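Subject: The structure we talked about

Hi there,

Please keep it open while you read on.

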Amino acid sequence: MSDKRVLTIQDISCVGQCSLTAALPVISACGVETAVLPSAVLSTHTGGFTGNTFRDLSGDMPAIGNHWKKEGIRFDAVYTGYLGSLKQIGYVRTIMEETLVPGGLKIVDPAMADHGRLYRGFTGEFALEMGKLCGAADIALPNITEACLMTGTAYEEGPGDAAYIETLLDRAEALGAKCVVLKGVGYEPGKLGVAVRRDGKTDYYFHEKLARNSHGTGDIYASAFVGSLMQGYAVYDAAVIAADFTLECMKKTIGDEAHWYGVKFEKALPWLITKVNRG
Ligand code: PXL
């Protein structure tokens with residue numbers, strides 16, 4: 001049984017089945033205690049909704065971190081997702097330094113771009129800073145767009161090929177992370193998956209590719225990965241569980257075209273609970 005405690009730092013999109021409203025239930029379903037530090041509060045996520053509110057919570061971060069330090073609160077892993085400002089990247093680094101147990105894991109999902117473009121509100125400068133945060137991580141979880149932006153690689157529309165993915169992995173690994181889990185790899189027809197790169201070696205996992213793209217799946221993937229890892233699964237096994245869980249979530253959403261803003265991950269939580277919890 002895992003008694004690990006994770007801190008996750010990302011936004012609350014009040015509506016949208018992503019970031020903290022996904023990370024908290026998904027990691028909890030893995031049987032892992034989950035503390036949260038909201039980076040910002042938005043009325044909705046920014047992918048498809050327009051006119052969302054945005055409250056940057058950067059100003060609260062140093063005091064929250066200081067309080068935890070004073071209380072001696074420590075985490076086995078700090079997992080970051082969508083961050084609300086450039087300044088926050090620095091605060092996150094400090095919180096990681098001050099609250100991780102010795103040997104605790106820094107896990108960074110850049111959560112800033114997809115389909116060749118930065119999410120609304122982010123700049124090239126932010127992307128480069130995020131590249132440094134990924135470089136300081138034990139495990140970085142970029143998608144292909146994010147890996148391109150952080151490494152100055154041209155984004156290729158379409159499936160690409162194995163050579164393109166390997167070059168991207170070389171460059172992403174060179175940023176400095178001990179391990180890179182590249183999401184959304186799919187250069188063979190009908191297949192989609194992940195590439196796990198460590199010490200110059202890549203292990204791939206592919207499953208069926210569904211016709212529809214869904215919002216928030218990167219957050220769901222990273223959260224299931226972190227939960228599985230904290231339950232003691234090896235990095236590759238956690239990467240596989242997270243991929244299968246994300247696919248389950250997408251399948252639960254098929255047929256409901258009105259549900260465009262996220263996936264019905266709640267309906268796949270029983271699958272995750274059964275799969276990950278070791279009793
Ligand atoms: O799912 C990534 C994400 C998280 N948080 C916010 C977003 C997005 C993607 O658009 O806008 C606020």
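Asp-199 counts as exposed, at 71% relative accessibility; the cut-offs are under 20% relative accessible area for buried, over 50% for exposed and anything in between for partly exposed, with a 1.4 Å probe and protein chains only. Asp-199 sits in the loop that links strand 10 to strand 11 (201–208), where helices (H or I, at least four residues) and strands (E, at least two) are DSSP runs numbered from the N terminus. Its phi is positive, about 50 degrees, although Asp-199 is not a glycine.

Before going further, a word on the source: this is a predicted model, in which local features need pLDDT of at least 70 and side-chain atom pairs count only at pLDDT 80 or more, while totals for chains, interfaces and linings use all residues. Residues are numbered from 1 along each chain as its sequence is written, and side-chain values use heavy atoms, with hydrogens and water left out.

His-115 is another non-glycine residue with a positive phi of about 50 degrees. You will find His-115 in the loop between strand 6 (113–114) and strand 7 (117–118), and with 47% relative accessibility it is partly exposed.

Now to the two serines. Ser-39 belongs to strand 2 (residues 33–44) and is buried, its relative accessible area being 0%. Which residues does Ser-39 touch, leaving out those up to four places away in sequence? Taking contact as heavy atoms within 4.5 Å, the list is Gln-10, Asp-11, Asp-56, Leu-57, Ser-58, Met-61, Tyr-82, Leu-83, Gly-84 and Gln-88. Lys-178, in contrast, is 139 residues from Ser-39 in sequence and 25 Å from it in space, C-alpha to C-alpha.

Ser-58 lies in the loop between strand 3 (54–56) and helix 2 (61–71). Ser-58 is buried too, with a relative accessible area of 5%. Beyond residues up to four places away in sequence, Ser-58 touches Ser-39, Ser-85, Gln-88 and Tyr-91. Of these, Tyr-91 is 33 residues along the chain from Ser-58, and their C-alpha atoms are separated by 7.9 Å.

Next, the interior. A nonpolar core here is a set of buried Ala, Val, Leu, Ile, Met, Phe, Trp, Tyr and Cys residues joined through side-chain atoms within 4.5 Å. The largest such core has 45 residues, and the members that touch the most others are Ile-139, Val-181, Tyr-221, Phe-225, Phe-245 and Leu-272. Two or more residues each come from helix 1 (19–29), strand 4 (75–80), strand 9 (179–185), strand 10 (191–198), helix 7 (217–230), helix 8 (235–253) and helix 9 (269–276). Helix 8 gives the largest share, 11 residues.

Apart from neighbours within four places in sequence, Leu-272 is in contact with Val-26, Ala-29, Cys-30, Ala-224, Ile-241, Phe-245 and Asn-277.

Helix 1 and helix 9 pack at about 40 degrees with their axes 8 Å apart; axes are lines fitted to C-alpha atoms, for helices over the stretch in contact, and angles run from 0 to 180 degrees between N-to-C directions. Helix 1 is therefore oblique to helix 9, since angles under 35 degrees count as roughly parallel, over 145 as roughly antiparallel, 65 to 115 as roughly perpendicular and the rest as oblique. Pro-25, Val-26 and Ala-29 of helix 1 meet Leu-269, Leu-272 and Ile-273 of helix 9. That contact has 6 nonpolar residues, with no polar and no charged ones; Ala, Val, Leu, Ile, Met, Phe, Trp, Tyr, Cys and Pro count as nonpolar, Asp, Glu, Lys and Arg as charged, and the others, Gly among them, as polar.

Helix 5 (residues 144–151) and helix 6 (residues 162–174) have their axes 10 Å apart and an angle of about 55 degrees, which makes helix 5 oblique to helix 6. On the helix 5 side are Ile-144, Ala-147, Cys-148 and Thr-151, and on the helix 6 side Tyr-164, Ile-165, Leu-168, Arg-171 and Ala-172. By class, these are 7 nonpolar, 1 polar and 1 charged.
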